[in-house]
Every structure is written in C-alpha cells, then in structure tokens.
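Welcome! Have a look at it first, then try each task before reading on.

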Amino acid sequence: MDAFLTAADHALRTLFATPRASEVSPATGHAEGSMTPEQRKLAGSLMRVNHVGEVCAQALYTAQAAVTRDDHLRGHLLEAAREETDHLAWTRERLDALGARPSVLNPLWFAGAFALGLVAAKVSDRVSLGFVAETENQVAAHLAGHLDRLPADDLASRAVVARMKDDEERHAAQALAEGATRLPPPVQALMRAAAKVMTTTAHRI
C-alpha cells in the first residue's frame with residue numbers, strides 16, 4: 001500500500017504540479033535567440049516531445065522502484081528518477097519560454113509507461129534494468145536527432161537537450177553495469193515503434 005500511495009503521489013506531482021529542478025537549467029545564461037515564428041513553433045514542438053519523454057521516464061522509474069525488492073536497485077532507480085525530474089523541469093521551462101504547451105495526452109503517456117515499467121519489473125530485476133538501458137539508448141539517439149533539427153539560434157534549448165543526452169547515455173551505462181539483460185531484437189523493435197507513435201503524436205498534440 002505504501003508503494004502504491006507513493007506512486008500515486010508521484011504521478012500527481014509529475015502530471016499536475018510545477019516540477020522543481022535540483023540543478024540550474026543548462027539553458028541559464030543563454031539569451032533567447034532570434035527565431036522566425038516557424039522556427040519557434042518547431043522548437044516548441046520538439047521540446048514538447050522531450051517533455052513527454054521525461055513524463056514517461058518518471059512513470060517508468062516510479063513503477064520499477066515500487067516493484068523491486070532489491071534496496072540497492074531501488075535506490076539506483078530513485079536517483080535516476082531525481083535526475084529525470086531535473087529534465088522534466090528544464091523542458092517545461094523551455095516550453096514556457098517558447099510559448100508552447102505540454103502534451104494534452106500526458107496522463108495517457110504516463111499510464112502507458114507506468115504499465116510497461118510494472119511488467120518489466122515483474123519479470124525480473126535484470127529485465128527491468130534491460131528495459132531501462134534500451135529505453136535510455138533510444139532516447140539518447142532521439143535527442144541526438146533533435147540537436148540536428150533545433151534552430152541554430154535556439155542555444156537555450158540546444159543546451160538542455162545536449163545535457164539530457166549525456167545524462168541518458170550515463171543512465172543506460174549504469175543499468176548495464178548493474179547487470180541489465182539485453183532485450184531481444186523484436187522487443188527493441190517494438191519499443192522503437194511505440195516510441196515513434198508517441199513522438200509523432202506529441203509533436204502536434
């Protein structure tokens with residue numbers, strides 16, 4: 001029951017409260033660049049997708065931490081979730097600065113990621129970590145693509161995305177170091193397909 005209440009509290013905070021970062025945003029010190037309306041709209045759409053990714057990360061880590069009986073692993077997952085909270089706050093700040101809004105489907109994205117996290121964690125801790133490693137690797141690749149697409153003058157958003165990419169790559173490496181099982185190629189492909197649906201939808205809605 002305690003785990004359920006903690007997860008419910010985390011869900012409400014993620015979806016409806018203003019996230020608070022423990023570190024200053026990488027965007028700090030970067031002036032808002034001179035962008036055309038089209039460029040600003042593109043930057044806003046890309047940062048909305050990244051914000052959705054952080055909503056999903058909160059759901060994933062919360063579910064896995066609630067299920068595992070390994071105290072060391074729970075601590076690892078909660079620390080990763082704390083860093084992802086920074087990402088959540090930074091992307092929300094960029095949305096506000098760009099005059100864009102979060103995805104209206106965030107509760108759906110959270111619920112889906114939470115369910116996947118529960119399933120992976122129920123199988124085993126090693127599979128749970130494998131899911132983390134593959135997710136983070138795919139997210140890092142996705143962020144690299146955003147660095148190619150973000151307007152050159154949007155230095156603030158680019159700084160945030162670059163820092164997030166470094167953190168996601170580190171989370172993947174840490175999961176592997178903790179003993180993550182490599183997921184089968186069909187599962188990896190299914191995860192990429194699901195991510196494509198999410199990112200395509202969140203880009204607009």
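Two residues are in contact when they have heavy atoms within 4.5 Å. Helices are DSSP runs (H or I, at least four residues), numbered from the N terminus. Buried means under 20% relative accessible area, exposed over 50%, and partly exposed in between, with a 1.4 Å probe and protein chains only.

This is a predicted model, in which local features need pLDDT of at least 70 and side-chain atom pairs count only at pLDDT 80 or more, while totals for chains, interfaces and linings use all residues. Residues are numbered from 1 along each chain as its sequence is written, and side-chain values use heavy atoms, with hydrogens and water left out.

**Exercise 1. Find what covers the buried residues of H6, and check the span of this helix.**

Step 1: The cover includes helix H2 (37-67), helix H3 (71-98) and helix H5 (125-149).

Step 2: The buried residues of H6 include Ala156, Val160, Val161, Met164, His171 and Ala175.

Step 3: The expected span is 1.5 Å times one less than the number of residues.

Step 4: After H6 comes Gly179, with a positive phi near 105°.

**Exercise 2. Which residues touch the most other members of the largest nonpolar core?**

Step 1: A nonpolar core is a set of buried Ala, Val, Leu, Ile, Met, Phe, Trp, Tyr and Cys residues joined through side-chain atoms within 4.5 Å.

Step 2: The largest one has 15 residues, and Met47, Leu98, Leu150, Val160 and Val161 touch the most other members.

Step 3: H2, H3, H5 and H6 each supply at least two residues of this core, and the largest share, four residues, comes from H6.

Step 4: Take Val160 as an example. Leaving out residues up to four places away in sequence, Val160 touches Ser25, Pro26, Ala27, Met47, Trp90 and Arg94.

Step 5: Now take Leu150, in the loop between H5 and H6. Leu150 counts as buried because its relative accessibility is 4%. Beyond residues up to four places away in sequence, Leu150 touches Ala43, Leu46, Ser157, Arg158 and Val161.

**Exercise 3. Which helix gives the most to the lining of the largest pocket?**

Step 1: On a 1 Å grid over the protein atoms alone, a pocket is an open set of points where a 1.4 Å probe fits, with protein on both sides within 12 Å along at least five of seven lines; lining residues have an atom within 4 Å of a point.

Step 2: The largest pocket holds about 1,200 Å³ of space. Among its 45 lining residues, Gln138, Met191, Ala194, Ala195 and Met198 are the closest to its centre.

Step 3: H5 gives the most to this lining, with 12 residues.

How values were computed: Grid points are joined across faces, edges and corners, and a volume is the space filled by probe spheres set on the points.
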